[in-house]
Amino acid sequence: MANVAVVGAQWGDEGKGKIVDWLSERAEVVVRFQGGHNAGHTLVIDGVTYKCRALPSGVVRKGKLSIIGNGVVLDPWALMEELRELEALGVKLTPESLQIAENTPLILPVHSNLDQAREKALGNAKIGTTGRGIGPAYEDKVGRRAIRAGDLAEPALLPEKVDKLLLHHNALLRGFGQPEVKRDDVVKQLLDIAPKITPYVGVVWRTLDQARKAGKRILYEGAQGMLLDIDHGTYPYVTSSNTVAGQAAAGSGQGPGAINYVLGISKAYTTRVGSGPFPTELHDDIGKGIGERGREFGTVTGRPRRCGWFDAVLVRQSAKVNGLHGIALTKMDVLDGLDELKVCVGYTLDGESLDYFPASADKQARVVPIYETMEGWKDSTRGARSWADLPATAVKYVRRIEELIETPVALLSTSPERMDTILVHDPFAD
Ligand code: IMP
């Protein structure tokens, strides 16, 4: 039985939502294993647009079990808001269809406040975070002072846990010249939200083990992308979790053998939100055109995304670090009508050539892309559902990308509609 992990192969926003939705129809369980409501997965189903943030994209499909694993950081108030939004669109989740790991750390108002205060203090050097408190919540997890989802079921123990948390946070707040937070206020907030969250809290590692034993298909849904990974990304301009496929196991309580197929998602070009190096970024009308045609605005923050050419060096590195078995190439149609296309096939740095993206932020900012120029296509690829529907030069572009990233294309997405997909290899078939 194949279990599939889907991960972003670039800087996030690769169009994972559509692909995950496409795959989740074939899965029985869909699991989030890292990140939080900094993620924004947009799904268009029968003309209705759904926006998932903390919840796995599988929630919009009936009869699936959706899971928030321990690798996620969860804002309970934002989750309630998301559940309300979905309910307004006719999707009602119950403890039978949604389970939250008892060891999932919570994002509290202190975290989002600190995230925003710190970004402000950094000025031009800011990371460009989503301001959702993701980083501070992960810091508290690793600092061993987090309040976790399961703690909400033990109200008598909360004051002591909150004291431990605030010992740290109030010291920081004093440093930033901000008013301190009172323990009783935080405890009250937690006690108020507890009855709404606790019914969903469960033993996720065991649920997943049982699902595996029962032969159910499990889909592990990554958020962000490899270049935002805390270890492997463009540090320090990254998110605070491991976004790579290896985290699917640790972030849900399964062994590494739980995943049989890793599917990376990549756009046919490159985008990035927030600060940080981006070697193939375009500052001209071509970049602007890609942004407009691709509607490149952040789902969560609405910020315009930076756009550039496809960087095969980055995606190849991503393929290796994630152990990708195949790639889903998205938004091909955004490139329709361009006379020529460029693909980055290597870099130069201080006169030397480089075939990988170095870890040093200074070097990342200074590498100069080496481009290969390819002929564009005039015909539309939008809505294509088979290779035969694609112009020959578009097929050539895809084949060259496969060669450069040393990974086969398993799926090609040609519009936001789920059926506008060319299936080359079914990830669940392995
Ligand atoms: P944080 O995750 O809010 O701490 O933000 C850290 C960096 O990750 C910033 O550059 C964000 O723009 C970026 N980021 C976080 N989540 C996403 C996402 O879902 N898509 C794209 N970029 C993201």
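Across the whole structure, a search turns up 32 salt bridges, each being a side-chain nitrogen of Lys or Arg within 4 Å of a carboxyl oxygen of Asp or Glu. Side chains of opposite charge can pair when their charged atoms come close. One to look up is the pair of arginine 61 and aspartate 21, whose side chains meet at 2.8 Å, N to O. This pair links distant parts of the chain, 40 residues apart: arginine 61 sits in the loop between β4 and β5 (65-68), and aspartate 21 belongs to helix α1.

Before going on, please keep in mind that this is a predicted model, where local features need pLDDT of at least 70 and side-chain atom pairs count only at pLDDT 80 or more, while totals for chains, interfaces and linings use all residues. Residues are numbered from 1 along each chain as its sequence is written, and side-chain values use heavy atoms, with hydrogens and water left out.

Helices (H or I, at least four residues) and strands (E, at least two) are DSSP runs, numbered from the N terminus. Ten strands make up an open sheet with mixed pairing, in the order β7-β6-β5-β2-β8-β1-β9-β13-β17-β18; two strands pair if DSSP finds at least two bridges between them. Because β7 (201-202) and β18 (421-423) stand at the edges with a single partner strand each, one side of each has no neighbour in the sheet. Within the sheet, β9 (residues 261-267) pairs with β13 (residues 326-330) in the parallel sense over five bridges, and isoleucine 265 has alanine 328 in β13 as its bridge partner.

Now find the hairpin formed by β3 and β4, with two residues between the strands. In its turn, aspartate 46 has a positive phi of about 50°. The strands β3 (residues 41-45) and β4 (residues 48-52) pair in the antiparallel sense over five bridges, and valine 48 is the bridge partner of isoleucine 45.

Finally, step back to the domains, whose bounds come from an automatic or database domain assignment: domain 1 (4-104 + 199-262), domain 2 (109-197) and domain 3 (266-429). The centres of domain 2 and domain 3, taken over C-alpha atoms, are 37 Å apart. Their contact takes six residues from domain 2 and five residues from domain 3. Across this interface the rule finds zero salt bridges.

Note on methods:
Contact = heavy atoms within 4.5 Å.
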